[in-house]
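Please keep the sequence and the 3D view at hand while reading.

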Amino acid sequence: GAAAAIVTALVAQPAASREATSALKGHNTNAPVDVAADRIEVQDRSDRAIFSGNVQVRQADLTGNAARLTVAYSDAGGIQIERLDASGGVTVRSPSETARGQFAIYDLNNRLITMLGGVTLTRGQSQVRGGRLVLDLDTGRAVIDGGAGTGPAGTTTGEGGRVTGTFTVPQRNN
């Protein structure tokens, strides 16, 4: 199952980086993006909108929550969202996975979600923790590493360069 795939990927990868396949493989990035928040500030000259306060975002089966969300868009005959930057206790959920971190970047053009800062990826009872998660929505490839780097505005994303995990195992009756 899913936990076995994560464990197999963990054994095959170096200690500083772990890889698994996400349930979001093939996620429909062409679906509309719905956003709700307490406040919106549109910065038309910069082609962006800033949502703040209890931000909720949804695209097909993918949902997210954050304190703040910046939406970068192009305005060529209609608004086309290109990138979402979320901060402040970000949670991203699919039907079977939940990822949490301090920051998230969703690059719609490249179909990538990057989460930074104390990242936790949970699938069922299994959990992997690290500093950075990169999720490719085309392939479903999810890579978690120690993220010993910096995030937005110079914030630290590292977890000491280590990835840790807790996984369920088959239960037997003795």
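**Cavities and strands in a predicted model**

In this predicted model, three cavities of 30 Å³ or more are counted.

**The largest cavity**
- The lining is made up of 22 residues, and those that lie nearest the centre of the cavity are Val57, Gly64, Leu84, Val92 and Tyr106.
- By residue class, this lining divides into 14 nonpolar, six polar and two charged residues.
- At least two lining residues come from each of the strands S4 (48–59), S5 (62–75), S6 (79–93) and S7 (98–107).

**Strand S4 and its partners**
- S2 and S4 run antiparallel and are joined by three bridges, and in this pairing Val35 stands opposite Val57 in S4.
- Strand S3 (residues 39–43) is also antiparallel to S4, with five bridges between them, and Gln43 stands opposite Arg48 in S4.
- The hairpin of S3 and S4 has four residues between the strands, and there Asp47 takes a positive phi near 55 degrees.
- S4 pairs with S5 in the antiparallel sense over ten bridges, with Val71 in S5 as the bridge partner of Ala49.
- The hairpin of S4 and S5 has two residues between the strands, and Ala60 takes a positive phi near 50 degrees.

**A loop residue, Asn30**
- Asn30 is placed in the loop between strand S1 (17–21) and strand S2 (34–36), and Asn30 counts as exposed because its relative accessibility is 74%, where the cut-off is over 50%.
- Although Asn30 and Gln59 are 29 residues apart along the chain, their C-alpha atoms are separated by 8.7 Å.

Conventions: Residues are numbered from 1 along each chain as its sequence is written. This is a predicted model: local features need pLDDT of at least 70, side-chain atom pairs count only at pLDDT 80 or more; totals for chains, interfaces and linings use all residues. Side-chain values use heavy atoms; hydrogens and water are left out. On a 1 Å grid over the protein atoms alone, a cavity is a set of points where a 1.4 Å probe fits but cannot get out, and a pocket is an open set with protein on both sides within 12 Å along at least five of seven lines; lining residues have an atom within 4 Å of a point. Grid points are joined across faces, edges and corners, and a volume is the space filled by probe spheres set on the points. Ala, Val, Leu, Ile, Met, Phe, Trp, Tyr, Cys and Pro count as nonpolar, Asp, Glu, Lys and Arg as charged, and the others, Gly among them, as polar. Buried means under 20% relative accessible area, exposed over 50%, partly exposed in between (1.4 Å probe, protein chains only). Two strands pair if DSSP finds at least two bridges between them.
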